[in-house]
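Student: Before we go through the assignments, I would like each label tied to its criterion. Can we do that with the structure in view?

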Amino acid sequence: MALETFSHVGLCVSELDRSTAFYRDVLGFRELFTMDLGPEVAATMEIDGRFRSRMLARGDLRVELLQWLDPLPEGETSRRPMNRLGMTHLCFRVEDIDDLYELAERAGGTVHHDTLSVIEGAGPDGGPVKTVYLTDPDGIRIECMSGTPDLAGL
C-alpha cells in the first residue's frame, strides 16, 4: 500500500494569529512554520487565490491553519451539527476539562457548558469520564475528554 503515515488536518480560519494563539495557549500546540502560497498550488486547493499556511504541532499531531487572503474565507462560524456529513470535531484527552474553560474563553473560543456529559464509573480506574465541547474562534468543534484511556497505545 502506498500510504505511509498520517500527515495533518487542515483548518480554514479567519484570523491566523488569533487561531494560532488559541491552539497554542489552550491546546498546547507549537508553531512549526508559516508559508505564503498561491498559484503554485491552485490546482490542489481548487481555488485560484492566495493564502497563508501555518503548521502547528503537538506531539505527533499536526494541524495546518489556512487563512485565505484572496479570496477571503467563506462560511459560518457557528458549530456544525454532529449529523452533518464530513469532519465533525477534533478530540483531545485532558487531565481536567475544568482547567480549559477560562483559557478557551480568554483565547477567543467558546465553552459550550450545555454539552458537558459525565459518565460515572466509566474510566479505566473506575472514575468518571467527562466530555465537553469547546469551539475555536471560528466555530470549529473541539471535544475535550478526561478520565478516558489513552488510545495511542492500542
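Student: Are Phe-51 and Trp-68 buried or exposed?

Tutor: In this predicted model, Phe-51 and Trp-68 are both buried.

Student: Why is the pair of Phe-51 and Trp-68 called tilted?

Tutor: The ring centres are 4.7 Å apart, and a pair needs centres within 6.5 Å, so the two rings of Phe-51 and Trp-68 qualify as a pair. Their planes stand at 45°. Stacked requires under 30 degrees and edge-to-face over 60, so the pair is tilted.

Student: What makes this pair a link between distant parts of the chain?

Tutor: Phe-51 sits in strand S3 (residues 50-58) and Trp-68 in strand S4 (residues 61-70), 17 residues apart.

Student: How many aromatic pairs does a search of the whole structure find?

Tutor: The search finds 4 aromatic pairs. One of them joins Tyr-23 and Phe-29, with 6.1 Å centre to centre and 75° between the planes.

Student: What makes Arg-141 a buried charge without a salt bridge?

Tutor: Arg-141 is buried, and the nearest side chain of opposite charge, Asp-114, is 8.5 Å away.

Student: Which ring does Arg-141 lie over?

Tutor: Arg-141 lies over the face of Tyr-133, at 4.8 Å from the ring centre. The distance cut-off is 6 Å, so the value for Arg-141 and Tyr-133 meets it.

Student: Where is Arg-141, and what does it touch?

Tutor: Arg-141 is in strand S8 (residues 141-146). Leaving out residues up to four places away in sequence, Arg-141 touches residues including Arg-79, Arg-80, His-89, Tyr-133 and Leu-134.

Student: Why is Thr-148 called buried?

Tutor: Its relative accessibility is 14%, and the limit is under 20%, so Thr-148 counts as buried. Thr-148 is in the segment after S8 and touches Arg-93, Pro-124 and Val-129, residues up to four places away in sequence not being counted.

Student: Why is Glu-46 called exposed?

Tutor: Exposed means over 50%, and Glu-46 has 72% relative accessibility, so it counts as exposed. Glu-46 lies in the loop between helix H2 (42-45) and S3. Glu-46 has a positive phi of about 65° although it is not a glycine.

Student: What is omega for the cis peptide bond that joins Asp-70 and Pro-71?

Tutor: For the bond between Asp-70 and Pro-71, omega is about 5°. Pro-71 lies in the loop between S4 and strand S5 (90-93).

Student: How many helices and strands does the protein have?

Tutor: The protein has 3 helices and 8 strands. From the N terminus on, the order is β-α-β-α-β-β-β-α-β-β-β. Buried residues make up 39% of the 154 residues.

Methods. Residues numbered from 1 in each chain as written. Predicted model: local features only at pLDDT ≥ 70, side-chain atom pairs only at ≥ 80, totals over all residues. Heavy atoms only, no water. Helix = DSSP H or I, 4+ residues; strand = E, 2+ residues; numbered from the N terminus. Buried < 20%, exposed > 50% of the residue type's maximum accessible area, 1.4 Å probe, protein only. Lys, Arg positive; Asp, Glu negative; His and termini not counted. Salt bridge = Lys/Arg side-chain N within 4 Å of Asp/Glu carboxyl O. Contact = heavy atoms within 4.5 Å. Phe/Tyr/Trp six-rings, centres within 6.5 Å; stacked < 30°, edge-to-face > 60°. Lys NZ or Arg CZ within 6 Å of the ring centre and 35° of its normal.
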